[in-house]
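Subject: A structure for you to explore

Hi there,

Here is the structure I promised to pass on to you.

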Amino acid sequence: MTFLSLLVFSPLLGIVLLMFVRKTDAKMIQWLGTAATVPPLILALFAFIQSGRGFRLEQLDEARDWVRLTDLPFLTDTAYVIRYELGIDGLSLVFIVLTAVLATLAAVASMLVKTEKKGFFLWLLALEIGMLGVFAAANFVWFFLFLEVTLVAMFFLVGKWGGFERERAAYGYLLYNGLGSALLLVVIAVLIARTGTANFALLHEMLHNPVAQGQWIAPLTEEGRRWLLGGLLLAFAVKLPAVPLHRWLIRVHVEAPPPVVMLHAGVLLKIAAYGMIRFGVGLFPDEFRAFAGAIAVFGVINVLYGALLALRQRELKHVLAYSSVSHMGVVLIGLGALNEAGIQGAVFQSVAHGLISALSFLLVGVLAHRMGTTDINRLGGLAKAMPLFSGYLLTAALALLGLPGMAGFVGEFTSFLGLFQTKPALAAAGALGLIFAAVYSLKAILDITFGRACDRQEAVVGWRDPQVSAASLGELQGGVVDLQAKEAVPAFILVALIVAVGVYPQLLAAPLDAVVETMMNGLGG
Amino acid sequence: MSNIYANSYLIIFVFLCLGVLLPIGALTAGRWLRPHVPDEMKATTYESGNNPFHDSRVQFQVRYYLFALLFVIFDVETVFLYPWAVVYDQLGLFALVEMIIFIVLLAIGLIYAWKKKVLRWM
Amino acid sequence: MMEQWLESAPSWSNIALFFGLGALFLAVVLTFVTYAILAERKVMGFMQGRIGPNQVGGRFGLLQTVADVLKLLLKEDTIPKAADRPLYVLAPIIAFTPSFMVLAVLPFTDAFRFADIGVGLLYYIAVSGLTTVGVVAGGWASNNKYALLGGMRAAAQMISYEIPLVMSALGVVLLAGSMNLVDIVAAQKDVWFIFAQPLAFLIFFIAAVAELNRTPFDLPEAESELVAGFHVEYSGFRWAFFMLAEYVYMFAMAALVTILFLGGWHPVAFLGWIPGAVWFALKFCAVVFVLIWFRATFPRVRADQLMEFAWKVLLPLSLVNIVLTAVVKAWFF
Amino acid sequence: MNNVWQSDWSMMAPEWIVLAAAIVLLVIDLALPSDRSRRPLAWGAAAAAALAMIATAAMIPAEPASILHDTFRLDAFAKAFKLILLAGGALALLLVAEWEPKEGSPHRGEFAYMMLFALLGAMMVASSGDLLTLFVSLELLSVSSYILAGLRKTASASNEAALKYVINGGIATAIMLFGMSYVFGLTGATNLGDIARRLQETNEPYMLALAFLLLLIGVSFKLATVPFHMWAPDVYEGAPVPATAFFAVVSKTAGFVLLLRLLVTMFAAAPSEGREPSSLLLSMQPVITILAGLTMIIGSVVALRQRSLKRLLAYSSIAHAGYLLAGFAAMSWAMIDSLWMYLLVYTLMNIGAFAIIAHIVNETGSDDLDGLAGLYRHRPLLAAALGLFLLSLAGIPGTAGFIAKLYIFIGLVVTEPGHYVLAAVMAITTVISYVYYFNLIVQLFFRPTFTAPLGRLPAGLSTAVVLCALGTLAIGWAPGLAYDVLAQFGHFGDFLP
Amino acid sequence: MTLSAYLALALILFCIGLYGALTKRNTVIVLICIELMLNAVNINFVAFAKYGAHPGVRGHVFALFAIAVAAAEAAVGLAALIAFYRSRKTVQVDEANSLKH
């Protein structure tokens, strides 16, 4: 069965085809690049629907021989065999669908990118392969491999197509995540070395009732496992990011081109959440308990810190960036709760924030494209100039602040619910964040849509976009093009999804239940 | 046997002493006998009549060094040849072949120097 | 008689004894030098249709050289102020001492010999090499252009000819299977190596002449171009010691040639009743005579001819000689 | 002496090939009129190296054996590392074929066969079972390398490089030899096996330790590991690019071969001062660990501020030597395997990078990293290849560099107590190295170009680049290829004589 | 006890050589110091071969090879020095700094 390989590597087709397209043929490239993201989407949705119909995802597992590091006589035959293994369960499936959807939308949104589209799409597709692979991998080595593919792809996407400070942003991203990856690599190395395998399922076995893979391999001690988990969590905390390791996130959000930020905020940050759930809770349930409290605390810190700083920003991108920090805090809170609700909440929140941030950054991209600035001070009264756009923006804001009936609400609600059951005090503290969230999102968005630009001159100077020949606000409101169809379509899809998840959480809960169930059993209660 | 060994080197040592003593003795003897009336002209460097001009520690032609290098190489290679020659009888044919290879390599080295015009003096 | 002395346990008395003998031998050598110089002048005189020294000490000028030596002894000794004084003083000694040291290993007859070491030949070559240092030091120390040039030439020439010398001697070692000079002589009981190793002999002899800085290879002290080469600045006894060194080497080299190629003290086939010492003396004198003869007859070679001859003719030939000898020995012995 | 005749000379086939090729080329070079191009000679040399490689590969199944009174061993270890050495040598010779310094390349002939002689030395190091042959072959390698470094006679940088190399190398040799003399004194043997056996009942712990340290210092001079690394950057920068590539790859490999042959064989079982651990090698483990850590840190940190590509790669090679040394310091059962794997990968990616740098230097005459700026614009494939090699050097997954590094990591932590500190240092220095590798990538892909577009890649270089790129990718995505070869060697069970 | 005497001598020679090689500015002196170290090694070998725990001829052989190799190194070193002198007109090591450190 090669379904998953197909799913993961189908963008390669697009890459190969793109190679043969002329650099200059922007239309063709845009079209082809977008088309290339469709196959994985179809396959993902197919799998999603099938699993909804009770199809057992285990049947999709794949395994091929890849490498056997050593066949020393004193080792068992299975020791140090690393295979090419893909396999998904409900948890991965959810994220895969999210990735596929956002990738397609990002590809559509790439029309905002004007320069060197060919290279851009090549890397975008590479990034998609990486992201899909990360979620589809059933083996640590391949997980890491795909993870690093995303790292390199992001480095190029940010560094080449980003804003003014793109290279700085790219380096920040590279170094922070590089450190995270390096730490992860050490952990992986220890796991492989001591258990002789990299496969998740096998590892699960080995860690709980270790079988010696042969002499001269020291089995892991209790303490050793705790250290491993610590390293794992730290590695993912960098990628999440958890305060105080979040600086790079801000810069990337500000500098990277809109489609990239959509994917970054939408998917890449979630890899950390995925990793924490899958490896943290999945592989080290007992040890995880020891860390749960700390995680919850960090979560609350993230929420409050992000929210507070978001309040003070006068630059839309910064607001959203800090709101990302804040929302990822919610994920941590869910994990920290360490009960069914909590974990489910964490996943919900990840997906929800993925969709919401994608939507908001799409809109910000459009805004920046139209106005040449996203400085709240310089913008105002867009409601008249761009009614449709403003409408979407408001929707995004409402989703952001977690309005009931929207995805955000489900995620935050369940997470906090989980935490209230275990650590009410913390939960209460964290809940403040939600109020802040309401304030900053509404404040920012309303300023832009209905508020008045603080001073006209600035505003006038602010419009960088050559398409806008406006010299004054008045003219501008007539002159600015509102959201066009090709931009509205992805926005609409996102809104639809947000609402769908919001009103019918079961959509996500169904595939998750089984996974969370097993994890709860692993946690013993 | 070891006596012969020791004595032989003793003799060599004696010869060394003699070889040093003779000049020293002779020169000291000379000091008593010979006259000693130094003056400027005597102490100047001899340059066939004309006054010595600038320092005579002239920089040698590089070829001197080249020959010195060649000498070092070829002279040291004999380090292998002599022991071989002494015990040649016991070694037999293999040693012959080995040493012929060795000498051929030496010859190649010589030819190399020749071709590269190292052996050209002027 | 030397054997039992050699075999007796080393002691102070031995040292004293050897010292006495050494001194005696030194006297012999000095006398040889004295008369070798005279002989050289006489022979060259005859060859050039002159009479040569005939005033001091009878009509054969027998005391001529003695007188010269005395003159040198009484001559004022000057040291140029530009010179590097300590080195300048040391150089003649460095040049002379090895020349006498090499004599220690030469066996003149089976009875009359001094040290008996396994690596006699190697010892000779190694020690004689030291003289070069003295020569160069002298040339450098006297801080005179001619002297320096002479010194450098001497060095270049000596090192260049040392290689053919060594390589050709290798043929002899191959045949004798030993580097001990006594054994080498013993190995020539039946056939002298000059017949077994004609090529080696030629090379060796030429190289030897060059090592001795004698015509036609006397560039280092070429009067006509370098005034007097490395010892321009030397006078009196210091100069004398350079000269002395050269003639002692002449003595040593002649003896060595005799030992290596002319069968040492072995008699010519049926004339066994003549003592070995006489035979040795005869061969020795013959070699010395030939050396003098060369000086009288050959013109001086050019510097480039000198060097290139060593490297391009003698060295390849000696390599060929080694291979030939080895092969021949492998097949026929 | 009969056994000498009967001994199986075919075992030395690779050596014979290389030696014969070198001599023949030398003679041809002398015979050839001076106006004729020497390029074919370099090609011939490369071909010879490749041929020797095939010969070695053909011998892999053969049983371990030794000839010439066990001075020449042909065990799995020798075969395995000879393969790497020959691969590196052949590729470096391809660079020689396209070596075009601005003053012209009159000495390409020498370059070719000198490199072959050096290669021969390295091979002999790999398969020598005797202190004497080890030393002589090492010197053959070193002395030829000195000459290689100084081959640009008219370029003062090259002369300086040669001079520094000779001086440092000479000191290293002397120190190592001094250590060897003590080892000989303790055992009276020069055969590594005998030494190992006799060292076990030696009762001179201090002299033994002294000998070990002297040898270690000597070896680390050759390896250019901290604190004996100062010569490497200068030599690498001054030497002609192909020579630099050769030093960075073949000499380094030979250095590690030496490390294993010398220290492991002799001291693995030697008693140590004090009670535990009983083996001198193990008791010296902390020293080696510290050396490794320092080497990694200094190598990668100093590389940050380099402008010259050669110099940068020099420091990066120091850092890599640190990684390798870490793999050695772990002294796990994966030691030799992981070192082999890493050296193989290291050879491929380094020669690839050097090939492209050689092209840039040939064209622009400088090796400043501005020369890379905007290479992507007019030579996208070239830029892509260089990018690949850089990623591999940085150890990014999907390239061979990652696989090798992962194995080293595993080796570091597989034992208990694991070398977690060393692993952490290695991880961090790897991230530091990202900075300068990706800085080059930024130059390649992001920056606008200032220089005139480069010409096409000449045949030799493109061959080298393609081979290296294929290897890097193949091992990166299908490491099984390399590990199956490695499995052939049975984990060097016959390493200890 | 003769052995230890030789060893001490060798050690002293070696240290002198090392010191000189690491501190002296004049390249010729440095090369000579290296030769000094190598000769110390030879003394060691020969001493061990004659008075060592396991006397034998191997030490002499090793010494011979050491001598030969030392000569080769010296030759190459001098050649490098000459080339360097030609291009830089100095023999001082510390003036060999065109390659930045």
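This is a predicted model: local features need pLDDT of at least 70, side-chain atom pairs count only at pLDDT 80 or more; totals for chains, interfaces and linings use all residues.

**Where chains C and B meet**

This contact involves 72 residues of chain C and 61 residues of chain B. On the chain C side, the elements that each give at least two residues are α1 (2-7), α2 (12-47), α3 (64-74), α4 (85-101), α6 (145-176), α11 (236-261) and α13 (303-332). The largest share comes from α13(C), with 14 residues. If you sort the chain C side by residue class, you get 48 nonpolar, 11 polar and 13 charged residues.

**Where chains D and E meet**

Here 33 residues of chain D touch 36 residues of chain E. On the chain D side, two or more residues come from each of α6 (131-149), α7 (156-187) and α10 (231-238). Which helix gives the largest share of that side? It is α7(D), with 19 residues. The classes on the chain D side are 16 nonpolar, 11 polar and six charged residues.

**Annotated transmembrane regions**

An unreviewed UniProt entry lists several spans of chain C as "transmembrane region", including 15-38 and 247-265. In the model, residues 15-38 of chain C are 100% helix, and the C-alpha atoms at the two ends lie 34 Å apart. Residues 247-265 of chain C are 79% helix and 0% strand, with 22 Å between the end C-alpha atoms.

For chain E, the unreviewed UniProt entry gives residues 6-22, 29-49 and 61-85 under the same feature name, "transmembrane region". Residues 6-22 of chain E are 100% helix, with end C-alpha atoms 24 Å apart. Residues 61-85 of chain E are also 100% helix, and their end C-alpha atoms are 36 Å apart.

Is D:Leu369 buried or exposed? D:Leu369 counts as buried because it has 20 C-beta neighbours inside 10 Å, and the cut-off for buried is 20 or more. Beyond its neighbours within four places in sequence, D:Leu369 is in contact with D:Arg307, D:Leu309, D:Leu312, D:Leu440 and D:Gln443. Take D:Leu312 as an example: it is 57 residues from D:Leu369 along the chain, yet their C-alpha atoms are separated by 9.2 Å.

Enjoy exploring!

Best wishes

Methods. Residues are numbered from 1 along each chain as its sequence is written. Chains are lettered from A and ligands numbered from 1 in the order in which they are written. UniProt positions are given in the numbering used here, feature names are shortened, and annotations may be inferred rather than shown by experiment. Helices (H or I, at least four residues) and strands (E, at least two) are DSSP runs, numbered from the N terminus. Two residues are in contact if their C-beta atoms, placed from the backbone, lie within 7 Å. Ala, Val, Leu, Ile, Met, Phe, Trp, Tyr, Cys and Pro count as nonpolar, Asp, Glu, Lys and Arg as charged, and the others, Gly among them, as polar. A residue is buried if 20 or more other C-beta atoms lie within 10 Å of its own, exposed if 12 or fewer, and partly exposed in between; C-beta atoms are placed from the backbone.
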